[in-house]
Amino acid sequence: MNHDRDTLLALFDREMREHARPDGPGVRVERSGGVVRQVGTARDWNGVVWSAPDLDAARADAAIAAQVAHCTALGHDEFEWKLYAHDRPADLSERLLAAGFEAEQPETLMVARVADLSTTVELPEGIRLRTVSDPDDVELMARAHEQAFGSDWSRLRHQVLARLSEDPDGFVGVLAMAGDEPVSSARMELYPGTGFAGLWGGGTVRSWRGRGIYRALVAFRARIAAEHGYDYLQVDASDQSSPILQRLGFQALSSTTPYVYRPSH
């Protein structure tokens, strides 16, 4: 890893993980036993976002057991340990698996300087972008997401509605519309007190893929991030989006894998 990437990853770890802020109304961040975790209701994201770099083999199993006990006491369906490839100890993933966590699809942590990104929005004929402003728009986001990804959006619906009503300044929702039909949706989380904003979503329905909508959604959000004074955009990128993001100026800093614990399993 070159010096620039090393410095940027250290900044991300410090601002976005070690000193994480709650990602929505009604949730809280707790520091316990060498980890930082977020806790909310069953419909919020609950999990570990950071573990201390000096977490060694002798202490790791105890830290994992404490999080399992915490999760079980909450009574939620699932709890996630968001593991990054550079986290220590090196065998933390194996220890999580041994404790009953299940690994999900890894993603690539990608970051770009906002100043280096194009903010020119180029759209295919017949598509317009608009920001999300009310619960009806959230339903359009849900429809686009479920058609694009084939996955249920009920938990995200709850989170987005809460952000829209209680913390609208920290959230940007975007819809790509073909007439009255949503064909893509995306979100941006603004993290006050940090230099980072996060890009999420960006799924496009099959019939509109390959026409530049994803790229336009990135440029649209980059412009908003610049207007709000953010220095960096961060994405947990899938295999499908990471090549596009790299062409747009993002660089890979690490990979991240969700390890999910489901007490009822």
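Analyst: This is a predicted model, in which local features need pLDDT of at least 70 and side-chain atom pairs count only at pLDDT 80 or more, while totals for chains, interfaces and linings use all residues. Residues are numbered from 1 along each chain as its sequence is written, and side-chain values use heavy atoms, with hydrogens and water left out.

User: Why is Gly173 called buried?

Analyst: Buried means under 20% relative accessible area, exposed means over 50%, and partly exposed lies in between (1.4 Å probe, protein chains only). Gly173 has 2% relative accessibility, so it counts as buried. Gly173 is placed in strand S8; strands (E, at least two residues) and helices (H or I, at least four) are DSSP runs, numbered from the N terminus.

User: What is Gly173 in contact with, beyond its neighbours within four places in sequence?

Analyst: Contact means heavy atoms within 4.5 Å. With those neighbours left aside, Gly173 is in contact with Arg130, Thr131, Val132, Met141 and Ala186. The C-alpha atoms of Gly173 and Ser185 are 7.5 Å apart, although twelve residues separate the two in sequence.

User: Why is S8 described as largely enclosed by the rest of the structure?

Analyst: Seven of the eight residues of S8 are buried, and therefore the strand is largely enclosed by the rest of the structure.

User: What makes S8 and S9 a pair of strands?

Analyst: Two strands pair if DSSP finds at least two bridges between them. Eight bridges join S8 to S9, and the two run antiparallel; in this pairing Met177 stands opposite Pro182. The hairpin of S8 and S9 has two residues between the strands, and Gly179 takes a positive phi near 65 degrees there. S8 is also joined to strand S7 (residues 128-131), by four bridges in an antiparallel arrangement.

User: Which strands pair with S12, and how is that known?

Analyst: Strand S4 (residues 79-84) is joined to S12 by six antiparallel bridges, with Lys82 opposite Pro258. Strand S5 (residues 102-103) has two bridges to S12, also antiparallel, and Glu102 has Val260 as its bridge partner. Strand S6 (residues 107-113) pairs with S12 over five bridges in the antiparallel sense. S12 itself (residues 251-261) has eight buried residues out of eleven, so the rest of the structure largely encloses it.

User: What makes a group of residues a nonpolar core, and how many residues has the largest?

Analyst: A nonpolar core is a set of buried Ala, Val, Leu, Ile, Met, Phe, Trp, Tyr and Cys residues joined through side-chain atoms within 4.5 Å. The largest has 31 residues, and Leu199 and Phe250 are among those with the most contacts inside it. Helix H6 gives the most to this core, with eight residues.

User: Why is the pairing of Asp137 with Arg130 called a salt bridge?

Analyst: A salt bridge is a side-chain nitrogen of Lys or Arg within 4 Å of a carboxyl oxygen of Asp or Glu. The closest N and O atoms of Asp137 and Arg130 are 2.9 Å apart, so the pair meets this definition. Asp137 is buried because its relative accessibility is 5%, whereas Arg130, at 25%, is partly exposed.

User: How do you know that Arg163 and Glu189 form a salt bridge, and are they buried or exposed?

Analyst: Their closest N and O atoms are 2.3 Å apart, and they form a salt bridge. The pair links distant parts of the chain, with Arg163 in helix H5 (residues 154-166) and Glu189 in strand S9, 26 residues apart. Arg163 is buried because its relative accessible area is 5%, and Glu189 counts as buried at 12%.
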